[in-house]
Every structure is written in structure tokens, then in C-alpha cells.
Amino acid sequence: MTVELLVASAIGVMTAAGVYLCLRGSTFSVVLGLAMLSYAINAFLFSMGRLVVDRPPIYDPSAPGFTDPLPQALVLTAIVIAFGMTALVVVLALRSYLESGTDDVNGAGAEPPPADGDAPDDPAEPPCT
Amino acid sequence: MILLLTCMLPFLGALAVALAARTGRNTQAILAGAATSAALVLILLQAPQVLAGTTSAFAMPWVPALGLEASLFMDPLGLMFAGLILGIGILIITYARFYLAAEDSMPRFLTFLMLFQGAMLGIVLSDNVLLLLIFWELTSLSSFLLIGFWSHKAEGRQGARMALAVTGGGGLALIAGLLILGRVAGSYNLTDILLAGLVIQGSPLYTPALVLILVGCFAKSAQFPFHFWLPRAMAAPTPVSAYLHSATMVKAGVFLLARLWPVLSGTELWFYLVATTGMVTMFVGAAIALFKDDLKALLAYSTVSHLGLLTMLLGFGTPMAAVVAVFHILNHATFKAALFMNAGIVDHEVGTRDVRRLGGLVHLMPIATTIAVVAGLSMAGLPPFNGFISKEMMLEEAGRTVWAELTWLIPLVATLAALLSAAYSFRYVSHVFFGPRRHDYPRAPHDPGAGLWGPPAVLAALVVLIGFFPATIAGPLVQPVAAAVIGAEPPYFALKMWHGFTPALFMSVLAVAGGAAVLWRHGEAVRMWQRVPVPDAKRAFDAVVAALVGASRVVTDTLHTGTLQRSLFVLFAATFLLAVEGLSVGGLGGATRAGIPASGVAVAAWLALVAGAVAVVVSARQRFLALIYISVIGLIVSLGFVYLSAPDLALTQISVEVVTILLLLLALNLLPKTPQPTSSRLRRARDAVLAGIVGAGVGWLALAVMTRAPRDPISAFHWAQAKPGGGGTNVVNVTLVDFRGFDTFGEIIVLGIAALAIYALLKTAVRGVAGRRLLAWVPETPESPERHPMMLVVASRLVLPIALVVGLFLFLRGHNLPGGGFIAGLVFSIALLVQFMASGYAWADARKRLERHTLIAGGVLVAAATGLGSLAFGAPFLTSTFEYITWPLVGQFELASALLFDVGVSLAVVGAVLLALGQLANLMQRAARLEVDAEPMDIDPTRGAGAVR
């Protein structure tokens, strides 16, 4: 049993879970699925630099070795971007629910809007400058 | 350098006009005119030496790997065109200032016009063909904007779209053609290509290159069968027609034919393709022009005809024909631009451009009439105007050229075209300005102000001057320009009115007399013309476009059935199959790398992760539960990073985790808690099988990579350069802010855009249907009686300064130890978000000092300014520098410019995170209609009112 095997199988499990959730019908499942896929893909990218223990990429001439810093730098930004993507998708899901009254990805079961509401078409809110 | 400035001036002018949008029309016109005049002066200053034979040049490497150089050069041909573009440009700007109505946006118009001028100038001054192509496409785009300037008119929009489709489509062919040409010649620089004529004509790729280039040139210069876009482009305001569609843009194709004349011409293929196309276009254009009643349409088809004439001359492939082409380019630009502006004056003052409703304007508009007579008779080819001389020379050349052993064909067609040309020119002059005065003009006609008649009058004066003194005025220009086109000394020619009793004179007399006769019998000619079946180009174009749209729709509808589930299923399956295909081609060697033995802790963590993943899938329908499970996975991934020598990633992952879960919690509150009906058992089984296969594939791939040693990774370089080159020991951070700083710069922009998109989506969600649904929202989960628990509020306030200091610490040490801008930005964000959670959105929001938009923009700008700062020191964008200074008490301290870049990263991250989550919290608060807490320690504002929930 090696760490490589553990990491690889974990990536596989997270990918499978992500793919399965992405294929579900409710928007929140898809958001969860995308988050899972992000974990899997980031870990996958990270593993492309091979796994090394106790060799952080902090430069030290006396260090016995170092792990590949490049995948780490790429994954670091990827993590932050994945957050941006998840945030955008979840807000899209929210807006789509508010517009259609359903959180089905295909818009099945859309409801007519509540008629009794008194939301103004242009609420008196100070514009953001 | 002067050339670069010349080329930039119109663009700078465009910018200046756009920035001066709030000033008056005169200021804007003066700005545009000043930029144009300055460029013209720069050109004229160089004119003497260029005409004497010294080309001026400027070169700057741009993308050397692609052979793309920002290189410019100006030889006599470029000089003549640049002079025309800028000289007529000044006249057009003056004219447009007085032509455009008060409701038309002057800054928009002039900005487009200046953009076009810059693009056109770029075409004629480019040395590198790739650069030329960029400018070529820019003219297509800017002319699209200009033709569609009156965007409220359907014909304007349609004309603009057609022009873009035809000239842009031709541009695509031209790209291919010039790429082939550059490949064959071994260089993308025109100066090199022009010397490689023998190689190019001997290459088997000559034919495809020639055909593709010709398609581009013909489409741009409205040659048959691409001519139909030009008349439709007349929906543009008249200054545009006068500028783009007579003097400049449509000449771009002719220019390129002339530019590449030394390398492409001289072959049989060239002659039959170019001369024949030109001949047909010349005749067809002239014939249609005679029967157009709209003045601008008449002039448009006349332009098509004259462009055909130029193409035909260049197609002859003889040096003398090239000389005539050069001379006629000059003459046509003068009289045709004058006529377009004249037509604009008639339209402007009389209110119609329909020939049938005009006539007898001579006494009402004497100045306009004079201009029309001079320019119109020049177009007809009558002495003593410049059009006569070049038409005589054209007929002379046509008389000598034999088409497929038919000695009579070209002279006959040329004479017929000249005849038709004389006829429509006479019609323009006589049917509009002479004849009986009418009483039903839409407006009372009178001559316009000098601002409108001045510019065409200048051109009309040139028409007369060149007509009388061709050798004196045009000669010194035509001689070197012709030499530049031919690539050798041109044959002897004399620009003069009287050539003696030559066959050309005979043909000319025949044409003028015939033209007058045709006009005399115009009514009968019209009836005859109406019996000729003319294919409608617009209908054909629309049919082609409709067919293309239909085909794309079929493809789109096949791929996108409108269900996300099916699209994703296809996507995942296709990706998997592609990977299988790649693997079957590539193959795989044996494992070469020993693994790390797994400890018990590692196995336990793995078990937790797998259990978490399974739990998320199983409980996906119980949403809060799923959220808790997924955070377990994030936690284990962070721990994994710690274990596998990635401290920076661990810090990033854990802080992103916090922010993500907060975000999902907020969103979940508003999303429906009742799950959708489950999909069928069959569908779930099918999805599970696909997910299992994909997961196994990805996992196996990861394992395959990890058990094989990498081959010579670039990281050794990063490792070695981090300290001496980047000034930091945290190689990951140095990579982010220095080695791959440009990537990071892009990432913070992406993050900012995502946050702004979220803001826009939520900001507008309070309106309309979404707003009503939001108002109808009721909390589905039981709420705590304590809205802001005292302990949490107090603790959060205490933690805030500590958290901020931690963030600062992580930020400052980031260059050398785990930390840095991204992580610090996330920690700052979390510290602030905790305040939102503990004390409520409104309370925290009221205490912010900076708008989050400002933070995002500031971050991006700080990063950009740091990057640009290195330019000031002559280093490439984003080069970093560092210095060690010794501070009292603190000791040696490093100051790196990368730190400033990291400040930008941090600011952008804080801004983006707070903007996204803050807006969501704001929406939440609106939905719940919660009162705003007023007091610093107000834990429940409703309590004071005695209304405990």
C-alpha cells in the first residue's frame, strides 16, 4: 500500500462522485458535483509533480531535495479560481431558481411567479458607485 | 520612430475624441483634425527623401517566434496612399462636422472614423504582412461600425453586416493567402517578399496563394462577384461613403494588388484572373450605375466600375498599365470623393437623392453645380479634367492588350464601359443640376455653408489643376510611385492632355458621343434594362447566410438538446473516449518510481475522504448534511497538502474551504429545501456506471503518472533561480508573483470578473419576478431566538485584530515562507466575514470604509502598475526587482517589487470575496426583511421593541 495508490484512488473516488452529482437534476447537486470535481482536478494536477514527503519547495541550499514547485503554483491559483467558479455557479443557480421557481437544471416544474408580491420594478436603492 | 508615431496618431486622435465626448462638436472635430494634420505633416516631411528613393522604415520585434514584427516602411506607393488617406481625411472631418445632424453623436462618429483612418494607414505602411492583416481586419471592423452608424435604420444594420461578412470573409482568405506567400518567400516582411518573386512564381503553392489573396482583394475592392456589398454600404452617412467607399477602404484591395504586383503579376493565371475580373466589373458596374436613380447608388456602382478599371490595368501586367493605374488611383480619389460630398450636399439641402425628383438646381445652388460639373465631367473622361487623361491612357493600354487571341475584346469592352461611364456622369450632372426648375423639392434648395462646399471644392480644384498641369503636379508623384509598384524604373510616359490622333482618342470620342446619345435615349434604355434579367445579389447573399445559419442551428440543436444532464453526459463520455484513444496511440512504459509506504494515519485519512465522498453522494438531497460532508473532504485534501510538502496549498485550500462553505450556506438558505423528485432507477444506474468508469480512468491515469519518474522537469530552473532571480525562498510564491506573474495577473482579473458577475446577478434579482419570489420567501428552517449570540459577537470583535495581524504576517513572509498574497487575502476576507456572521450584514456593511468594487479595481491596477513599472526601466512587463535594507530593531529586511504585486493580488482577492458574499448576504437580509442593528452590541433589535420572536 503506497501513498500514491491512496492519492490516486482518492482522486478517482472524488471524480466519480463529482461526475455522478453533476448528472443529477437539481442545481445544488450540480454545484456540489462541480466542487467535488474541483477537488479531484486540483489534486490530479498537484500529483503531476509527483508525491514527495518533507521536501517543501522552500529554497535552502542545504536542503537534501525539493518537490516540484510549478504544479503547486498552478494549483494554488486553480484553487482560488475554483472558488470563483463555484460562487458564480451557485449564484446562477440561485438566480435561476428565483426567476423560474424551480431548481431543476432543465427548468422542469417551473412555477408562475407569485402575483401578490409588491416588489417594485426599480427599487429605491442607492446606486453603487 | 516617426513612422510609428504617424501610424499611432489617428488612434491617439480616436482616443482623444472619445475622451472629449462631453465637449462641443467643434472641439472634437478640431481634435480629430489636429491628429490627422499632424500625421499628414509627418508624412510630408518625409516625402522628399522617400520620393528620392530612400524608404523610411521602423521595426520592432513583437512575436519573433511567429515571424510577427511590428515593422513599418514607407516607399512612394505607401506615401501616396498615406497622403490620400490623411489629406482626404482632413477634408472629410471638416465636412462631417457640418454634415451630421444635431442628434447624431459626433464623438462616436469621429472616434470610429479615426479608428478607421489609423487602420487604413496601418495597411499602407505595414512592412510585415501579418501586421498588415491585423490592420486589414481592423478596417473591416471599423467600417462595419461606420456603415451601421445610424443603427436605428434597418438598412444601415443590414448593409454593415453584409459589408462585414463579405470583406471579413475575404479577409480570412487573404490571411491564408499571405501566410502561404510568407512561407514560400521565407519571410513575412514585405521587403523580403518583394525580392522573392522568382521563388514564389516557381513554387507549386503560387496558384493557391494567388487565388486566396485575390479573393481577399476582390472582396475588399468590391470586384464582381463580390461587388454587391458596396452599394448596400451606402446606408452609411455620406462622409463615410466619400471616405471609405471612394477614396480609401475600397482601394485597399487595389493597393495590395499594386503592392504585390512585382511578385504575383506577369503570369498567365494572373492576367486571366485579374484582368478578366477587372474588365467584367468595370462593365457591369458602369451598366448598373446608369440605371440607378439614387445619387449615392449611382456613385457606388460607378466606384465599382472604376475599381474594376484599376484592377484590369494591374491585371494587364505591363509596366505601362501599372503607371496608368497609379495615375488613375489619384484621379479617381479626387473626383469621386468630391462627387460623393456633392451628392451629400444635394441630399442635405434638397432633402432627396432621387434623380427623378431633382433637376434645375443650377440657379439655386451654383457652387454645388460647379463642383458637380467639374468632378462629373472628369468622371466622364472629358478634357480638360484629370479623368480625361487617365482614361485616354487606359484606352491606349486596353487597345494593345489581347485577351485569348481576341484582339477586339478588351478594347471593345473598355470603350463600352467608357461610354456607359460618360452616360451616367452626364446624367448625374444634367438630370440633377440642369433642366427645368421644379416646384416640388422636399426643401427649398440653396447652397450650403463653406464647411460643406469647401472640402469638395478643394478636390475639384485639384481635378482642374491636375487636368491642366498633369506633368507638373502629378508627374513627380506618379513616376516614383509607379517605380515602386513595378519594382523597377517605369517606362517613359508623358502625362499630357493631347496625345495626337491616336486610336485612344478615337475610342474616347466614340465613348463620349455614345454616352451623350445613350443619355438622350435614357428612357428607352431604362425600358430595355428592365427586360434584362439581373440576378439579385442581396437575395443570393441572404440565401447563403440563411443556409449557413440553418446548418449551424442543426449542429447546435444536435449537440445542445436543452438539457444540461444530456450535454454533460455526452461531454464526460466523449472526454473519456478521447483519453482512451490517446492512450491506445501512445502506450505506457513500466513503472520507474518507487512509492512512499503509507502510514496508518494516511490510510485513516483516505478512509475518511472516501466515506465523505460517498456520504455527499448519498445525502445530496439533504442539503445541509451534504455540505457538512463535503467540508470533510476539503479538510482532508488540505491535510494531504500538508503531508505532501505543499504548505502553501494547504493554507490556500483551508481558507478557501471556509469561504466556500459560508457561501454555500448563504445560498442554500434561499434555495428550496424540498428536493426534486429523484430520477429513475435506470438513469441513476447509467450515470453511476459512467461516473465509475470516468473516476477509475482518472484515478488510474494519476497513478500511472505518479509511479513514473518525470523526464527533466523545468522546476530545477525555478528552484535555482528563485533566490538570485526572484529574491525569495518560497519558490511557489516567487513563481506566482514573478516567473508566472502574468498568469497570476490574469487570475485576479478572472476572479474580479466572477465577483462582478455575481454582484450583477444578485443586484438585479430584487426586481421583477425574482424580486416578487424573494419577497414571498419564508424561512424553512427553525431560527435561533438569538439572532446575534452575544458570545459570538464579542468573540468575533476580539478575534478581528488578531486575524488581521495573522493575515499581515502571512502576507509579509510569503515571499520566503509559506504565505503570500492569495492566502493573506483569504485570511483577511474570513476575518471580515466573521463580522458579517456575528453582527449581521448591515451592521458590518455600514462600517466598511472602501467599496469592494474599488478594492478589486485597485488590486488589479496596483498589480498592473507594478508590472508596467518594470517597463520604465527597460525590462519586460512584470520583471521584478528587490533590495535588502536594514531597519533599526527589525534587522535586515527585503523590499521586493513583487511584494507590491502581491498587495494587488491580496486587494483583488479581498474585494472579490467580500463583494460576492456580501451581496449574497444583502439579498438574504432583504428576503428575511430583517431590521438593521443599530447599536454596536445590539444582539437583537426586535427585543427592544418587546417583540420577541
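A polar contact here is a pair of N or O atoms within 3.5 Å. With that in hand, here are some close-ups of this predicted model.

**View 1. Where chain B meets chain A.** On the chain B side, 121 residues are in contact with 100 residues of chain A. The two chains bury about 9900 Å² between them, and carbon and sulfur atoms give 75% of that area. Within chain B, the residues that lose the most area to chain A are Met706(B), Trp719(B) and Arg773(B), which together make up 9% of what that side buries.

**View 2. Polar links across the chain B and chain A interface.** Look here for 28 residue pairs in polar contact, counting pairs with both residues at pLDDT 80 or more. Helix 30 (residues 681-706) of chain B gives the most to the side that touches chain A, with 16 residues. Sorted by class, that side of chain B has 79 nonpolar, 25 polar and 17 charged residues. There are also 3 salt bridges between the chains. In one of them, the side chains of Asp103(A) and Arg623(B) come together at 2.7 Å, N to O.

**View 3. The largest nonpolar core, and Tyr428(B) inside it.** This core has 204 residues, and those with the most contacts inside it are Trp229(B), Leu264(B), Leu361(B) and Tyr428(B). Helix 16 (residues 319-350) of chain B supplies the largest share, 21 residues. Zooming in on Tyr428(B), and skipping neighbours within four places in sequence, its contacts include Leu295(B), Leu298(B), Leu299(B), Leu339(B) and Phe433(B). Asn342(B), Ala343(B) and Ala372(B) are also in contact with Tyr428(B).

**View 4. A second, separate core.** This one has 111 residues. Among them are Val75(A) from chain A and Ala765(B), Phe811(B) and Ala921(B) from chain B.

**View 5. The loop between helix 9 and helix 10 of chain B.** Pro225(B) sits in this loop, between helix 9 (206-220) and helix 10 (229-232). Ala222(B) is buried, at a relative accessible area of 0%.

**View 6. Loops on either side of helix 18 of chain B.** Pro384(B) lies in the loop between helix 17 (366-380) and helix 18 (386-400). The bond from Pro383(B) to Pro384(B) is cis, with omega near 0 degrees. In the loop between helix 18 and helix 19 (409-433) you'll find Glu405(B), another non-glycine with a positive phi, about 65 degrees. Glu405(B) is exposed, with a relative accessible area of 74%.

Methods: Residues are numbered from 1 along each chain as its sequence is written. Chains are lettered from A and ligands numbered from 1 in the order in which they are written. This is a predicted model: local features need pLDDT of at least 70, side-chain atom pairs count only at pLDDT 80 or more; totals for chains, interfaces and linings use all residues. Side-chain values use heavy atoms; hydrogens and water are left out. Contact means heavy atoms within 4.5 Å. Buried area is the accessible area (1.4 Å probe) that two parts lose on being put together, summed over both. A salt bridge is a side-chain nitrogen of Lys or Arg within 4 Å of a carboxyl oxygen of Asp or Glu. A polar contact is a pair of N or O atoms within 3.5 Å; within protein, one must be able to donate a hydrogen and the other to accept it, and residues adjacent in sequence count only if both atoms are side-chain atoms. Helices (H or I, at least four residues) and strands (E, at least two) are DSSP runs, numbered from the N terminus. Ala, Val, Leu, Ile, Met, Phe, Trp, Tyr, Cys and Pro count as nonpolar, Asp, Glu, Lys and Arg as charged, and the others, Gly among them, as polar. A nonpolar core is a set of buried Ala, Val, Leu, Ile, Met, Phe, Trp, Tyr and Cys residues joined through side-chain atoms within 4.5 Å. Buried means under 20% relative accessible area, exposed over 50%, partly exposed in between (1.4 Å probe, protein chains only).
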